[in-house]
Structure formats: structure tokens, C-alpha cells
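The sequence and structure come first, and the notes follow by topic.

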Amino acid sequence: MNTEMKAAILNKPKSIEIKEIPIPEPKNNEALLKVHCIGICGSDVHYYEHGRIGRYVVEKPIILGHEVSGTVVKVGKDVKNLNVGDRVAVEPGIPCGDCDYCRSGRYNLCADVEFMATPPFDGAWSEYVTVKSDFLFKLPDHVSFEEGALIEPLSVGFHAMRRGKVGPGDTLLVTGLGPIGLLTIEAAKMFGISEIYGSDVVAFRRDLALEMGAKGVIDPSKGSVQDQLKEATGDKAIDVLIETSGNAHAVSDTINLVKRGGRVVYVGLPTADSIPIDITSMIDAEIDMLGVFRYVNTYADAIKSLDHPLVDLKKVITDQYPLDDIQKAIEVAMTEKEKSIKVMIYPDSADLQSN
């Protein structure tokens with residue numbers, strides 16, 4: 001095995017290059033993975049374009065990427081749950097394990113979580129990566145590496161379903177039909193939902209939502225969302241709204257779109273510092289408002305749920321590139337939102353050619 005590997009290094013905003021760096025050595029509780037497939041997330045694009053997201057600032061060169069799957073090629077001496085050759089999906093956030101949040105099972109809220117591709121921690125746009133074995137999940141033979149990489153964004157929608165206490169009898173509205181919104185539709189099917197509606201200003205994304213199982217879609221740029229929604233649903237009330245766009249107007253309007261006693265789950269992070277919400281109406285209608293921060297305890301169940309006959313994660317994959325073309329790939333993800341959803345990267349070009 002070689003001692004060096006290719007990795008995509010972000011030196012500063014809009015400056016990324018492929019470099020040769022040492023292959024990391026797994027610690028006693030870690031496994032070394034050969035990376036097969038890795039997605040470009042909106043956060044990767046944001047770091048590439050702006051060099052920061054809120055309090056997280058790129059102050060030194062960093063490897064981005066956290067939606068990843070691969071094959072175990074080496075294990076530390078304390079690893080008992082994996083063997084060389086296992087195909088795995090990576091849960092990219094490693095919590096401390098000792099704080100009150102970790103001990104209570106809400107480890108996604110741990111203040112000391114080490115999350116891939118969030119400064120100062122490197123991600124996995126590279127040929128190999130080391131990960132604590134507890135956060136590697138075996139993939140069944142019938143699950144592709146692409147699906148394995150998509151378990152990460154799917155988990156956001158999966159966690160949103162649980163936060164919103166979504167059940168088979170609910171009518172669901174997803175606002176924002178980017179990668180997270182579309183995979184939220186897939187997660188909703190896993191939870192037995194058949195009445196799913198979507199909202200987005202981009203026609204391509206609305207069409208894809210219909211292809212993925214939404215019963216109806218609306219365009220918030222074409223007049224009253226409430227009127228369009230009534231027409232699309234046949235005047236059926238919305239039980240649960242999952243807001244994934246982060247658009248300030250969409251966030252503010254959520255209170256007006258769910259029924260009395262309904263639930264709103266906020267997933268998308270707004271760029272605005274503050275957003276007005278009609279709290280009086282929220283109280284009067286006894287609406288539950290819930291936030292989602294990443295996900296917790298989702299991976300094993302999400303992988304099992306891929307057996308659902310109507311679920312097809314691969315529909316969100318619109319572009320595929322070798323790691324050597326990372327600059328082009330991330331520019332596509334950043335600038336071609338009218339026709340691009342999920343961009344996938346392959347460190348080994350042979351994996352791309354075999355698709």
C-alpha cells in the first residue's frame with residue numbers, strides 16, 4: 001500500500017487544489033477507509049465560497065466533505081465491530097461521549113463534537129480517511145456506495161420526521177426542494193407518509209419532487225402560497241411542515257401554512273440574523289415549533305429503511321466527477337442550481353467509470 005494519497009485542500013475561499021499528503025494511520029479505536037463516493041454538501045460550497053459559516057471560520061488549509069462511504073482497509077487493535085473489506089457509511093460527527101447531552105442520547109447537541117469538514121477538522125475529499133469505528137455502519141450488499149454516502153443528508157430528513165412525530169396519517173409539506181428537501185421526501189415515505197407536498201421556486205426541483213413521490217408542488221414566486229396549497233391539496237390541512245430552504249420569507253410564513261395544532265420543523269439555516277414570526281397566531285393555534293440540528297441515532301435505521309420499495313435515493317444525484325475535477329464539481333454545485341441537485345465525487349476514477 002502506498003504511503004501517500006490524493007486529497008483536495010481548500011487553501012482559502014475559491015482556491016482548492018489536489019495535493020499528495022500522508023495516508024493517516026488509524027488509532028486503536030479507528031478504522032482506515034478507502035473512500036469510494038462522497039457528496040458535495042451546501043456547507044462545503046459555503047466554505048469554498050465564503051471561508052466561513054457563522055462562528056466556524058477556515059483559518060488554515062482544510063479538507064472538506066462529510067457525506068462519505070467506503071471500504072475498511074485497516075482497523076485499530078481495539079476495533080471489534082468491523083473487519084477489513086466491510087463496506088460502510090460514515091456518520092461524520094464524533095461527540096465527546098461524556099457530557100449530559102451525550103449521556104442522555106442527544107449527542108448531536110454535544111458542544112465538543114468533532115464534525116468532519118467543519119473547521120478545524122478535516123473532511124474526506126481524499127482517497128483515504130480514518131474514522132472512529134463506532135460511527136461506521138455496515139452497508140448491505142444491495143446498497144450502493146452512492147446510497148451509503150447519501151445516508152448523511154437523508155439522516156437530516158429522518159431526524160426531522162422523528163422531531164415532528166410524523167406518522168402515516170399525516171399530510172406533509174416540505175418547503176425547499178434542494179438535496180435535503182428531496183431526501184426529506186424519501187424519509188417521509190420511510191415513515192409511511194403518502195400525502196406529501198413540496199414548494200420551491202425552481203421548476204426542475206419541483207418536477208423531481210413529483211417524480212420522487214410528492215402528490216403536488218407549488219411555486220412560491222407565483223402568488224399566494226396558501227391559495228396554491230389549497231388548490232394542490234384539495235383544501236386539505238397540513239399536519240406537519242418541514243422547512244428546509246432557510247429562506248426568511250418561507251420561515252416567517254410557516255405559521256400560516258399548518259393547521260391548528262400542527263407541527264413545524266425548522267431544518268434550513270437562514271442567513272438573516274432575525275426573522276419575524278407571528279407568535280400570537282402560533283400561540284392561538286397551539287402550533288409546535290421544533291428545530292433540527294443534524295441528526296442523532298439515525299444511521300442504522302435509515303440504512304434498514306432503504307429496503308422500502310418506493311425509496312430511491314439515487315434520483316437526487318445529478319452530477320458525478322473524479323476527485324481530480326473537484327474545482328469544476330464544486331463550481332457546478334455552487335452555480336448550476338437550476339439543474340444540479342447532488343454532486344458526487346469519486347477519489348478513485350475507476351469507481352466512477354463502473355457506474
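Helices (H or I, at least four residues) and strands (E, at least two) are DSSP runs, numbered from the N terminus. With those labels, Pro 120 sits in the loop between β10 (114-115) and β11 (128-132). The model is a predicted one. The UniProt record, an unreviewed entry, places the feature "domain: Enoyl reductase (ER)" at residues 11-345. That span, residues 11-345, is 27% helix and 26% strand, and its end C-alpha atoms lie 19 Å apart.

**Packing of α1 and α10**

- Two packed helices are described by the angle between their axes and the distance between the axes.
- For helix α1 (residues 42-50) and helix α10 (residues 326-335), the angle is about 105° and the axes are 10 Å apart. Angles of 65 to 115 degrees count as roughly perpendicular, so α1 is roughly perpendicular to α10.
- On the α1 side, the contact is made by Asp 44, Val 45, Tyr 48 and Glu 49. On the α10 side, it is made by Gln 327, Ile 330, Glu 331, Ala 333 and Met 334.
- By type, the residues of the contact of α1 with α10 are five nonpolar, one polar and three charged.
- The buried residues of α10 are Ile 326, Ala 329, Ile 330, Val 332, Ala 333 and Met 334.
- The cover over these buried residues of α10 includes the strands β1 (4-12), β2 (15-22), β19 (317-322) and β20 (342-346), as well as helix α1.

**Helix α4**

- Helix α4 (residues 179-190) has twelve residues, which at 1.5 Å a residue should span 16 Å. The end C-alpha atoms of α4 are 17 Å apart, which agrees.
- Eleven of the twelve residues of α4 are buried, so the helix is largely enclosed by the rest of the structure.
- The buried residues of α4 include the charged residues Glu 186 and Lys 189. Also among the buried residues are Leu 182, Leu 183, Ile 185 and Met 190.

- Arg 163 belongs to helix α3 (residues 145-163).
- Arg 163 has 25% relative accessibility and therefore counts as partly exposed.
- With neighbours within four places in sequence left aside, the contacts of Arg 163 are Arg 106, Val 265, Leu 290, Gly 291 and Val 292.
- Arg 163 and Arg 263 are 100 residues apart along the chain, and their C-alpha atoms are separated by 9.4 Å.

**Backbone exceptions**

- Most residues other than glycine have a negative phi, and most peptide bonds are trans.
- The peptide bond that joins Pro 119 and Pro 120 is cis, with omega about 10°.
- Lys 165, a residue other than glycine, has a positive phi near 50°. Lys 165 lies in the loop between α3 and β13 (171-175). Its relative accessibility is 68%, so Lys 165 counts as exposed.
- Glu 286 is not a glycine either, and its phi is positive at about 50°. Glu 286 lies in the loop between α8 (279-285) and β18 (288-291). With 63% relative accessibility, Glu 286 counts as exposed.

Methods. Residues are numbered from 1 along each chain as its sequence is written. This is a predicted model: local features need pLDDT of at least 70, side-chain atom pairs count only at pLDDT 80 or more; totals for chains, interfaces and linings use all residues. Side-chain values use heavy atoms; hydrogens and water are left out. Axes are lines fitted to C-alpha atoms, for helices over the stretch in contact, and angles run from 0 to 180 degrees between N-to-C directions. Angles under 35 degrees count as roughly parallel, over 145 as roughly antiparallel, 65 to 115 as roughly perpendicular and the rest as oblique. Contact means heavy atoms within 4.5 Å. UniProt positions are given in the numbering used here, feature names are shortened, and annotations may be inferred rather than shown by experiment. The expected span of a helix is 1.5 Å times one less than its number of residues. Buried means under 20% relative accessible area, exposed over 50%, partly exposed in between (1.4 Å probe, protein chains only).
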